[in-house]
Number of protein chains: 4
Amino acid sequence: MSSTTGLSNEFPVPERMKAWVLGGPEELHLVDKPVPAPGPAEVLVRVDAVAICATDLEILKHGVPALVDGELPFNKNFTIGHEYMGTVVRLGPAVDEFQPGDRVTVEVHAGCGRCERCREGMYTSCLNYGNRAKGHRANGFTTDGGFAEYAVNNINTLVHVPDDMSDAEATLVVTAGTSMYGLDVLGGLVAGDGVVVTGPGPIGLLGVAVAKALGADPVILTGTRESRLELGRRLGADHTVNAREEDAVAAVRRLTGGRGVRFVIECSGAPNALNEAAQMVNRGGRICLAAFPEERVPVDVAHIVRNNIYVYGIRGEGKSATHRAMALMKQKRFDAKLVHTHTFPLDDLPTGLRYARERIDNAIKVVVTAQR
Amino acid sequence: MSSTTGLSNEFPVPERMKAWVLGGPEELHLVDKPVPAPGPAEVLVRVDAVAICATDLEILKHGVPALVDGELPFNKNFTIGHEYMGTVVRLGPAVDEFQPGDRVTVEVHAGCGRCERCREGMYTSCLNYGNRAKGHRANGFTTDGGFAEYAVNNINTLVHVPDDMSDAEATLVVTAGTSMYGLDVLGGLVAGDGVVVTGPGPIGLLGVAVAKALGADPVILTGTRESRLELGRRLGADHTVNAREEDAVAAVRRLTGGRGVRFVIECSGAPNALNEAAQMVNRGGRICLAAFPEERVPVDVAHIVRNNIYVYGIRGEGKSATHRAMALMKQKRFDAKLVHTHTFPLDDLPTGLRYARERIDNAIKVVVTAQR
Amino acid sequence: MSSTTGLSNEFPVPERMKAWVLGGPEELHLVDKPVPAPGPAEVLVRVDAVAICATDLEILKHGVPALVDGELPFNKNFTIGHEYMGTVVRLGPAVDEFQPGDRVTVEVHAGCGRCERCREGMYTSCLNYGNRAKGHRANGFTTDGGFAEYAVNNINTLVHVPDDMSDAEATLVVTAGTSMYGLDVLGGLVAGDGVVVTGPGPIGLLGVAVAKALGADPVILTGTRESRLELGRRLGADHTVNAREEDAVAAVRRLTGGRGVRFVIECSGAPNALNEAAQMVNRGGRICLAAFPEERVPVDVAHIVRNNIYVYGIRGEGKSATHRAMALMKQKRFDAKLVHTHTFPLDDLPTGLRYARERIDNAIKVVVTAQR
Amino acid sequence: MSSTTGLSNEFPVPERMKAWVLGGPEELHLVDKPVPAPGPAEVLVRVDAVAICATDLEILKHGVPALVDGELPFNKNFTIGHEYMGTVVRLGPAVDEFQPGDRVTVEVHAGCGRCERCREGMYTSCLNYGNRAKGHRANGFTTDGGFAEYAVNNINTLVHVPDDMSDAEATLVVTAGTSMYGLDVLGGLVAGDGVVVTGPGPIGLLGVAVAKALGADPVILTGTRESRLELGRRLGADHTVNAREEDAVAAVRRLTGGRGVRFVIECSGAPNALNEAAQMVNRGGRICLAAFPEERVPVDVAHIVRNNIYVYGIRGEGKSATHRAMALMKQKRFDAKLVHTHTFPLDDLPTGLRYARERIDNAIKVVVTAQR
């Protein structure tokens with residue numbers, strides 16, 4: 001039994017736990033290790049469910065967080081997994097924002113709180129990224145994540161889960177939060193404005209849902225797989241464009257009476273996506289890049305400048321956007337569960353990863369759950 | 001004598017005037033044509049001085065405004081020139097914001113006032129760009145400009161010139177206004193923050209001056225010509241980097257203790273400028289693109305996304321930035337005259353254009369003045 | 001038959017029309033007068049329905065627009081009414097944004113487009129307020145309004161009405177737009193944040209609806225009449241507080257676990273409303289004042305300063321908020337019709353005004369409709 | 001010798017120090033007490049100079065921080081003083097942002113970093129105000145301040161002092177930072193806009209200086225003492241108004257051609273100051289309240305609403321404004337030293353407080369310095 005503060009008989013915590021850790025590239029090992037203890041402003045979370053993100057697959061392949069510019073070495077013995085939810089079981093010193101037994105879901109980033117960016121609230125751009133000694137944490141990127149029985153979390157990364165929301169749905173909040181953050185950086189006021197979402201992955205699909213929930217009109221989703229586009233329509237897309245059948249830019253122009261839209265959220269990472277987005281928006285339009293191609297790609301910078309276009313790169317889910325996303329989900333404004341397609345037990349994480357990587361059986365979000 | 005409203009004996013206006021008009025590519029003709037009459041919200045300006053902008057050279061070459069995406073045909077008989085100043089000589093109906101005799105300098109854009117963008121104050125992104133019937137005007141781009149004895153101006157494009165500012169200096173306000181607008185879109189609060197200006201053309205040099213006037217620290221200018229960099233230092237650059245001698249990104253990192261800067265204003269249009277700017281800023285950094293390469297260029301979009309970088313394309317000088325630029329110039333916060341190198345009479349405009357195009361005698365800003 | 005441009009056989013327009021005009025205080029006369037002609041950027045609207053606003057009653061009583069600081073004389077022969085909708089029947093020159101036959105509803109303000117405020121998009125704060133020669137128009141305040149068969153409108157004041165929205169519902173868009181604007185000035189991002197609306201008049205009730213539609217949580221409505229509070233609950237209030245039964249500040253604290261809320265929209269005009277609002281918000285909270293007491297009232301300025309509270313006075317519905325409100329109403333996010341209680345024919349306007357003034361039969365929004 | 005981390009032979013730190021502590025109201029005692037040790041994200045500062053703020057006098061009188069709503073008891077044995085500067089002598093764990101020997105000046109607030117406000121960068125509105133266990137600190141308000149030989153500081157409250165700035169001048173940075181923050185909340189872009197500062201206390205006088213440094217035009221200072229107004233002119237006021245000789249509102253209207261100004265920073269705390277400010281601004285104008293009357297005062301709320309006026313209460317110097325203020329002072333944009341009138345040794349603090357309280361010899365800023 002742990003001697004951590006916040007001890008509660010109701011939530012006995014063992015001294016050791018099972019956790020998946022990185023070996024070499026594409027290697028994961030299930031090991032037995034000590035349950036960590038929460039420090040100031042932290043809690044210990046018993047992980048109940050974790051969704052698999054494409055970034056997990058990247059880390060597993062390259063060993064370094066795909067969102068960091070090659071700063072970190074391949075991280076052996078590290079536990080990835082950042083889209084998890086669970087139950088608070090231990091409190092660090094001076095924590096009263098959460099109580100043992102609270103169901104919570106997590107966002108990725110806790111900033112250092114002391115750099116220029118954190119001081120202005122831009123904690124996902126923390127200038128001490130990866131510096132744990134100074135307080136930065138990125139769950140599953142720079143600090144152990146959720147493919148384990150227990151995980152320590154800074155309270156800034158936690159959102160309360162309502163009783164009537166399932167574990168699996170709660171794991172999707174961080175994805176919806178990323179979509180919400182994308183709209184935030186575009187200005188936030190989207191009611192009555194056109195929004196194109198390019199790329200029907202989980203962030204794109206929930207981007208459709210959030211944009212529609214906030215009143216965007218029309219919401220247009222572009223993609224290449226009809227099943228995903230169909231899902232987009234169920235989540236609120238007014239129109240979908242299959243880029244295999246029609247030029248996406250031409251389609252957006254057609255659907256908007258030639259005017260184009262004000263906002264694009266780029267979620268495909270396709271090589272020409274930024275150029276196409278710049279053709280979809282009208283003068284003064286804004287583009288949020290939530291995905292990217294790995295290689296340098298040819299960009300029509302002149303078009304961006306001549307048309308006063310603003311382009312916002314985002315990593316993850318800043319400005320407490322997960323809280324706003326949760327508020328919409330709690331109010332049943334859209335059914336995020338539609339993107340959850342498969343569930344596996346934690347012991348069978350490799351199978352889950354394979355389904356996600358190979359999109360077996362049209363997998364979108366694969367969720368791994370604890371067995372108790 | 002014109003019968004326009006606002007008639008004044010003090011400012012007799014002839015019925016006809018001399019004006020340079022476009023012929024074919026690289027052809028300019030000095031013609032005799034009627035003096036135009038100002039309509040509602042307009043005044044007639046007697047042009048006293050005009051600075052030559054690189055964009056003038058582009059229009060002269062291609063016949064279409066370089067800032068517009070090929071929407072307008074080659075505009076024969078059109079008068080270009082948009083960096084002009086002069087004296088108000090006639091008022092349109094209901095104009096009392098200016099009086100005959102007022103010295104004024106101009107900015108380029110008057111929006112339609114009725115599209116989405118104009119309604120939110122983004123008049124340089126007017127969705128009715130080029131539509132004169134709906135009220136849009138872009139001096140020297142879509143409506144006759146300043147290489148003439150007289151020009152009609154919407155009052156929104158005018159800024160009062162103080163008595164102690166020379167005609168030549170007043171022509172530089174729109175350039176400084178563009179630089180100011182670049183800082184505006186970056187957030188405006190630059191005191192104590194690092195600003196890199198890439199490209200020591202007129203906008204870049206005055207960008208240095210404006211950034212320093214607002215307290216940016218350090219201000220770093222990159223370029224390839226030592227004479228321009230020297231000018232940058234005189235205008236307020238704390239450091240200059242000659243990119244022929246040192247890698248500009250490495251220099252910025254060195255000069256900032258490895259931290260990089262928060263803001264870059266890109267004024268070079270170099271093919272790799274955006275990538276370099278993205279390496280100069282730190283996480284959450286912001287880049288304003290005030291110049292661009294004509295061709296598509298390879299861009300490291302992944303770096304922009306991974307580092308939460310925002311990129312703002314701007315065309316010209318929105319949000320009344322010329323007024324703020326004039327306020328600083330009026331208060332002698334910097335000496336914009338340093339970028340003015342040559343003066344020619346209006347009749348000799350072709351010589352002035354040649355000096356500007358070929359940078360004869362290290363020409364930076366060439367100003368053409370009326371003879372009276 | 002008018003000879004205005006945009007002539008169409010489908011929409012014959014008579015030369016004269018019936019219109020209600022102000023006499024002395026509390027005097028209205030139904031007169032016969034010429035149908036006005038639209039100018040540039042204007043259309044002629046055949047009025048189909050008008051809602052009565054409390055401000056109409058103020059103007060009728062005092063002769064001057066209640067929203068203007070005593071600048072205008074009592075306006076005899078003036079037609080009030082600003083919450084109207086109708087059908088476009090004539091187009092001014094160069095108008096193609098609307099076509100004859102289009103159903104439209106109106107917002108109040110068209111700015112001059114040339115003052116400092118309009119240039120930055122703050123057209124409801126136009127510095128040329130009331131100056132028609134310079135282009136300012138405030139429907140029913142400084143230019144003839146909607147209690148007539150026809151009204152001229154600047155196109156900036158028009159919003160398209162979808163086919164499936166009734167005339168009466170469409171008159172409520174400007175009210176919802178005012179509520180939406182209130183949320184805009186508070187920052188716009190309200191999902192998951194607490195919003196208190198004080199005062200269940202039409203703006204307050206639709207403020208509840210808009211806040212809830214955008215995901216605010218909780219939405220708390222305070223008032224004194226149970227029937228209005230019940231309506232608030234139907235429009236989305238999570239909690240209502242009857243200030244006759246419970247101290248409103250204490251109730252808000254109780255309902256929010258002692259934390260208070262981030263945002264208050266004050267719609268009551270009660271003498272102590274600002275002080276109470278300042279007690280309802282937490283540190284750094286924001287208050288929008290959409291109503292006001294006529295007399296000076298004691299205010300605890302110290303509390304506002306000590307707690308970093310921001311207070312935003314708003315008049316009407318700026319920043320195109322009516323378009324955003326319409327987008328939500330078109331998408332059936334709330335049922336604005338719930339606040340529409342009574343309908344009278346235009347000829348019987350005095351009865352409608354009496355119902356509105358005396359709240360006969362619990363009148364909330366009284367709508368007057370054209371008879372054809 | 002302390003055993004704190006960051007030990008350095010160059011900066012020997014004794015185990016005990018002299019410190020002034022509160023007794024009862026208006027009682028201060030000089031006591032001997034242990035030198036505190038810095039924790040994570042903290043440093044120990046040897047205090048070299050402290051300026052006396054009017055708030056110090058308030059706390060001394062009432063025992064509770066004047067900026068807090070009566071939440072804290074009279075704080076016996078507490079050391080006040082929040083406008084201090086000194087030398088870093090010890091580093092807490094993981095601190096590398098400062099080194100022993102660094103000269104630093106301080107701002108007041110370190111937020112908890114975990115509440116809603118801190119997460120969005122509004123750390124002066126921390127919802128855990130006064131909760132040290134959760135990390136909030138307000139130097140000299142809720143944690144021991146600078147009227148002592150040593151003080152612990154969170155690194156977020158520190159600004160580097162350049163070599164050529166005197167100790168006394170450095171104590172003024174937090175005051176200039178408050179003025180800067182006032183301009184920030186008003187929008188920050190003041191070049192060419194009119195700014196009125198009401199009340200020529202230290203914040204008002206430096207408000208004049210900062211506004212002028214950023215290009216505001218005109219800057220108008222109102223007050224009642226000619227000597228203070230004269231100082232305002234030396235710090236950059238274009239005009240001063242002696243409210244004993246002329247109605248301040250009328251004067252502002254006269255000086256601005258009847259137009260009024262866009263911005264007012266209220267620094268007087270006079271009972272009618274908010275009403276006068278609301279008359280000085282034009283429609284859509286903005287008022288920052290940096291001072292306040294203790295009692296409730298009659299306010300013309302109707303005027304604020306009818307004119308779309310925004311009112312921002314501020315406590316202190318948020319959003320890293322001290323860094324921006326320091327940047328301007330380091331660049332010699334204004335001479336803050338003009339407000340420093342008297343100097344006393346730390347042992348003679350009571351005399352310094354008396355000079356400040358009674359404005360003996362026209363005292364403005366009284367600075368207390370360490371003797372070594």
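A salt bridge is taken here as a side-chain nitrogen of Lys or Arg within 4 Å of a carboxyl oxygen of Asp or Glu. In this predicted model, the side chains of Asp217(B) and Lys330(D) form such a pair, with an N to O distance of 2.9 Å. The count between chain B and chain D is two salt bridges. Polar contacts were also identified. Eight residue pairs make them across the interface of chain B and chain D, with both residues at pLDDT 80 or more.

On the side of chain B that touches chain D, three helices each supply at least two residues: α4 (173-185), α5 (202-213) and α10 (321-330). The largest share comes from α10(B), with four residues. By class, this side of chain B holds eight nonpolar, six charged and four polar residues.

The extent of the interface was also computed. In total, 18 residues of chain B contact 18 residues of chain D. Interface size is often expressed as the accessible area lost when the parts come together. Between chain B and chain D, the buried area is about 1,300 Å². Carbon and sulfur atoms give 56% of this area.

Within chain A, helix α11 spans residues 349-358. Its buried residues are Leu349(A), Thr351(A), Gly352(A), Leu353(A) and Ala356(A). An α-helix has 3.6 residues a turn, so residues three or four places apart point the same way. Just after α11(A), Arg359(A) adopts a positive phi of about 50°.

Note on methods
Residues numbered from 1 in each chain as written. Chains lettered and ligands numbered in written order. Predicted model: local features only at pLDDT ≥ 70, side-chain atom pairs only at ≥ 80, totals over all residues. Heavy atoms only, no water. Contact = heavy atoms within 4.5 Å. Buried area = accessible area lost by both parts, 1.4 Å probe. Polar contact = N/O pair within 3.5 Å; in protein donor to acceptor, adjacent residues only side chain to side chain. Nonpolar A, V, L, I, M, F, W, Y, C, P; charged D, E, K, R; others polar. Buried < 20%, exposed > 50% of the residue type's maximum accessible area, 1.4 Å probe, protein only.
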